[in-house]
Amino acid sequence: MYRNKAGYADPTAGEALGQLMKEYRQQQKKRRADKNRKKVYVASRYAGDVKTNTQAAIRYCRFVIKNGLMPIASHLLYPQILDDNKPADRELGLAFGLALLGLCDEVWVFGPVSRGMAAEIEEAKRLNKPLRCFKEVGV
């Protein structure tokens, strides 16, 4: 039984505080669940028609999120920082991507396989990561 400052029983306040604590615990549980989602490495084309391929990669990431997982798409990150047209930068971006792949629980491959994607698939197999292949996904 909840007691107020003066020491008197206060069931109304006790019930309100109990409800607040219940909501707080549910929020904390959800935050922990969001932080601990399985990570999925998204492998899809980037080079070539960069605009179309970027839009497709974003769709694929949304698909991963809809499935309750956390997408990791290095090809949406590193080309923003490195120059994909410079071979040294491209290789560095690919190496960073493979490092991120190692931290993921699964690898999902979308669409036709490019040279960069083939290296990601090879790395996933080497690391015994579960692979899922999709032809095309619309969200």
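**Pocket lining.** I looked up which helix gives most to the lining of the largest pocket: H4 has the largest share, with six residues. This is a predicted model, so I read all of it with that in mind. H4 spans 87-103, and I noted that H3 (74-81) and H5 (115-126) also supply at least two lining residues each.

**Pocket size and centre.** I got a volume of about 300 Å³ for the largest pocket. I counted 22 residues in its lining, and the ones nearest the centre are Tyr46, His75, Asp84, Arg90 and Leu94. Sorted by class, I have nine nonpolar, seven polar and six charged residues in that lining.

**H4, length.** I went back to H4 for its geometry. I find 17 residues in H4, with 25 Å from its first C-alpha to its last, close to the 24 Å expected at 1.5 Å a residue.

**H4, buried side.** Which residues of H4 are buried? I have Gly93, Gly97 and Leu101 down as buried. They sit on the same side of H4, because they cover an arc of only 85° around the axis.

**H4, other side.** I then checked the face turned away from the buried side of H4, and Ala88 and Leu103 are exposed there.

**What covers H4.** Last, I asked what covers the buried residues of H4.

Conventions: Residues are numbered from 1 along each chain as its sequence is written. This is a predicted model: local features need pLDDT of at least 70, side-chain atom pairs count only at pLDDT 80 or more; totals for chains, interfaces and linings use all residues. Side-chain values use heavy atoms; hydrogens and water are left out. On a 1 Å grid over the protein atoms alone, a cavity is a set of points where a 1.4 Å probe fits but cannot get out, and a pocket is an open set with protein on both sides within 12 Å along at least five of seven lines; lining residues have an atom within 4 Å of a point. Grid points are joined across faces, edges and corners, and a volume is the space filled by probe spheres set on the points. Helices (H or I, at least four residues) and strands (E, at least two) are DSSP runs, numbered from the N terminus. Ala, Val, Leu, Ile, Met, Phe, Trp, Tyr, Cys and Pro count as nonpolar, Asp, Glu, Lys and Arg as charged, and the others, Gly among them, as polar. The expected span of a helix is 1.5 Å times one less than its number of residues. Buried means under 20% relative accessible area, exposed over 50%, partly exposed in between (1.4 Å probe, protein chains only). The arc is that of the directions from the helix axis to the C-beta atoms. Contact means heavy atoms within 4.5 Å.
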